[in-house]
Amino acid sequence: MSTIEQIAAALQGYDPQALAATSVNQFLARLVSPVAESETLGVFDALDRVLAEDVVSPISVPPHDNSAMDGFAFDGAQLAPGQPLMLQLAEGTAWAGKAWAGSAGAGECVKIMTGAIMPAGTDTVVPLEFVRVDGGQLTVPADAVRRGDNRRLLGEDLMAGRPALARGQTLGPAALGLIASLGLPTVRVFRRLKVAYFSTGDEILSLGDAPREGAVYDSNRYTVFGLLSRLGIEVIDMGVVRDEPAALEAAFRQAARAADAIITSGGVSMGEADHTKAMMKQLGDVAFWRIAMRPGRPMAVGRITEAGKSSILFGLPGNPVAVMVTFLAFVRPALQRMMGCRESDPVLLKAHSAEPLRKKPGRTEYQRGIVSREADGTLRVRTTGNQGSGVLRSMALANGLIVLHHGQGNVAVGDEVDVMMFDGVI
Ligand code: AMP
Ligand code: MG
């Protein structure tokens, strides 16, 4: 377990007062590691969980050569180019789940259903609709099929003993189905991550509190709750914590005991008169950064240790949009790493900007965008209007974040920009 100082020393060009967004990700990748514990779950319970070991197939899928169509099975060696083939229809049918018992000889064919085991002596299926049947006599028209057509081979999906899914994969619907197709009733996954969060600031009201001058209702706990829940994380909501050393100390200690990570919002900016930063320093090994980004900028990161157990701290800024953006840009990838996920950089789409965007090189900007598809099929993105870091509505209207990279300058109408889509993320 490296200290903040050790990680900082190992990073090229580390400047806590002007940290590039990519350096933040590199730092966090060194700070956090996957949870050690795993558990065995039934397949239905494993949706969205992360595989803790490779799944090796105990069987071949499909387990036999079988037909991909309803039709007639025969030995394709008898086919000759440009020639129709006459075959004698054998007695009985090869059903899915009920094999045809005999063996087809030369000049013979067997009626076969999709999924049925290929009868002995056959390797080709001609679909029903291609052939003429006359009494017991079948005619395969010239060049209707080639040898081996419409036959699914044993192990075509997966051979016994081969890895079907790799450790670190998040189990979506297809993976659940694949595990079940191997006959495996259970699967080993990493335990769920536990994350505690609280909001700080004396001006922050909880729902149910009467409005008062200068105070705002807490929204950060709700966005953080939503963002964490989407990741399948077990959340521990610790409410709003008063800006008072004893309350903050108790909250940090309790969170560090209970959770793998702690997310706070507020109280980490430069001119803060409050006690949040002081308490983070006192209880942990914490770095305080100014990140070259917008929105965002101030952030505290490190470990809080309580009774020999340490918990990763993400001290996010207070502004509601900054909370969501720093979460998506930095906290989410770090938590995914803790959950045991393989590297999972979000896929960025390219869209044409519908408007000019002012952008200073030397910082990463995340503008809230609405991506739509034009009649000609190209993607177009416009911003949601006022991009103030306190304007949560800009986030609520958006379907993605326009990512203007560190070195990038102004964007002209029609220029391509990168967009991190929310779909599947938040
Ligand atoms: P701070 O980072 O503490 O300086 O807060 C920056 C701005 O975000 C201030 O205007 C705060 O009132 C606002 N803010 C801080 N925490 C919250 C919260 N939990 N919900 C809504 N707004 C907040
Ligand atoms: Mg504050």
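**View 1. Asp 418 and Lys 350 pair up in a salt bridge, with 2.7 Å between their closest N and O atoms.** This pair ties together distant parts of the chain: Asp 418 sits in strand S26 (residues 416-421) and Lys 350 in strand S22 (residues 348-353), 68 residues apart. A salt bridge here is a side-chain nitrogen of Lys or Arg within 4 Å of a carboxyl oxygen of Asp or Glu. Asp 418 is buried at a relative accessible area of 14%, while Lys 350 is partly exposed at 45%. (Buried is under 20% relative accessible area, exposed is over 50%, and partly exposed is in between, using a 1.4 Å probe and protein chains only.) Strands are DSSP runs of E with at least two residues, helices are runs of H or I with at least four, and both are numbered from the N terminus.

All views show a predicted model, where local features need pLDDT of at least 70 and side-chain atom pairs count only at pLDDT 80 or more, though totals for chains, interfaces and linings use all residues. Residues are numbered from 1 along each chain as its sequence is written, chains are lettered from A and ligands numbered from 1 in the order in which they are written, and side-chain values use heavy atoms, leaving out hydrogens and water.

View 2. Shared partners join Glu 249, Arg 253, Arg 257 and Glu 306 into one network of salt bridges.

**View 3. Here is the buried side of H5: Ala 247, Leu 248, Ala 251, Phe 252, Ala 255 and Ala 256.** They cover an arc of only 155° around the axis, so they end up on the same side of H5. (The arc is taken from the directions from the helix axis to the C-beta atoms.) These buried residues pack against strands S13 (194-200), S16 (234-241), S17 (261-265), S20 (298-306) and S21 (309-316), plus helix H6 (276-283); contact means heavy atoms within 4.5 Å.

**View 4. Arg 146 reaches Asp 149 in a salt bridge, the closest N and O atoms being 3.9 Å apart.** Arg 146 is exposed, with a relative accessible area of 63%. The whole structure has 15 salt bridges.
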